[in-house]
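Welcome! Here is a friendly briefing to read alongside the sequence and the 3D view. Take a look at both, then follow the topics below.

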Amino acid sequence: QVQLLESGGGLVQAGDSLRLSCAASGRTFSLYAMGWFRQAPGKEREFVGHISQNGDITSYTDSVKGRFTISRDNAKNTVVLQMNSLKPEDTAVYYCAAGKVYGTRFISEYWGQGTQVTVSS
């Protein structure tokens, strides 16, 4: 019963920053951990990071650590992926997901439609 809509994608140059937002519809948003994934052409969908239900814990894949930050505002039913120091290899369709954390594993239950991020060199 959670619908997700990503926004904020676009074309930027290497070294630039971009802020992706995910707006959620549903009365149980605060009960879900939220994750971000990305998929480049010809590649498998890749886990980027996730944030806990109350926003106190975040986890990131090694390739984005120190550059990307996930935050959430449960009062506004939004989660944000702040991307800094972007690299061409960050080019992908970025997807927002709602799910649960079992131990350290994020399991997706709902997906957004994705937003395109293109980073030129």
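## The fold at a glance

The protein has 11 strands and zero helices. Keep in mind while reading that this is a predicted model. Read along the sequence, the pattern is β-β-β-β-β-β-β-β-β-β-β.

**Overall dimensions**

- The C-alpha trace spans about 40 × 25 × 25 Å along its principal axes.
- For 121 residues, a compact globule would have a radius of gyration near 14 Å, and the 13 Å of this protein agrees with that.
- Buried residues make up 40% of the 121 in the protein.
- Looking at contacts between residues at least 6 apart in sequence, 54% of them join residues at least 24 apart.

**The open sheet**

- Strands in a sheet pair through backbone hydrogen bonds, and they can do this in a parallel or an antiparallel way.
- Here, four strands make an open sheet with antiparallel pairing, in the order β1-β3-β8-β7.
- At the edges sit β1 (3–7) and β7, each of which pairs on one side only.
- From one strand to the next, the twist averages 15°.

**Strand β9 and its partners**

- With β4, strand β9 forms an antiparallel pair over seven bridges; Gln39 has Val93 of β9 as its bridge partner.
- With β10 (residues 105–111), strand β9 pairs over six bridges, again in the antiparallel sense.
- Two bridge partners to look up in β10 are Arg105, which faces Tyr102, and Trp111, which faces Ala97.
- The hairpin of β9 and β10 has two residues between the strands, and Gly103 takes a positive phi near 65° there.
- With β11, strand β9 runs antiparallel and is joined by three bridges; Val93 stands opposite Gln116 of β11.

**The nonpolar core**

- The largest nonpolar core contains 28 residues, and Met34, Trp36, Met83 and Tyr94 have the most contacts inside it.
- At least two residues of this core come from each of β3 (18–25), β4 (33–39), β5 (46–51), β7, β8, β9 and β11 (115–120).

**A closer look at His50**

- Is His50 buried or exposed? Its relative accessible area is 7%, so His50 is buried.
- Beyond its neighbours within four places in sequence, His50 is in contact with Met34, Gly35, Ile57, Thr58, Ser59, Ile70, Val101, Thr104 and Phe106.

**Salt bridges**

- Side chains of opposite charge can pair when their charged atoms come close.
- How many salt bridges does the model contain? The count comes to four.
- Arg67 and Asp90 meet through their side chains in a salt bridge, at 2.8 Å from N to O.
- This pair links distant parts of the chain, 23 residues apart: Arg67 is in the loop between β6 (58–60) and β7 (68–73), while Asp90 is in the loop between β8 (78–83) and β9 (92–102).
- Arg67 and Asp90 are both buried.
- Through salt bridges that share partners, Arg38, Glu46, Arg67 and Asp90 are joined into one network.
- Within this network, Arg38 forms a salt bridge with Glu46, and their closest N and O atoms are 2.9 Å apart.
- Arg38 has a relative accessible area of 6%, so this residue is buried, whereas Glu46 has 29% and is partly exposed.
- Another salt bridge brings together the side chains of Asp62 and Lys65, at 3.0 Å from N to O.
- Asp62 counts as exposed because its relative accessibility is 60%, while Lys65, with a relative accessible area of 48%, is partly exposed.

Definitions and conventions. Residues numbered from 1 in each chain as written. Predicted model: local features only at pLDDT ≥ 70, side-chain atom pairs only at ≥ 80, totals over all residues. Heavy atoms only, no water. Buried < 20%, exposed > 50% of the residue type's maximum accessible area, 1.4 Å probe, protein only. Core = buried A, V, L, I, M, F, W, Y, C linked by side-chain atoms within 4.5 Å. Pairing = 2+ DSSP bridges. Axes fitted to C-alpha atoms, helices over the stretch in contact; angles between N-to-C directions. Rg over C-alpha atoms; globule rule 2.2 N^0.38 Å. Contact = heavy atoms within 4.5 Å.
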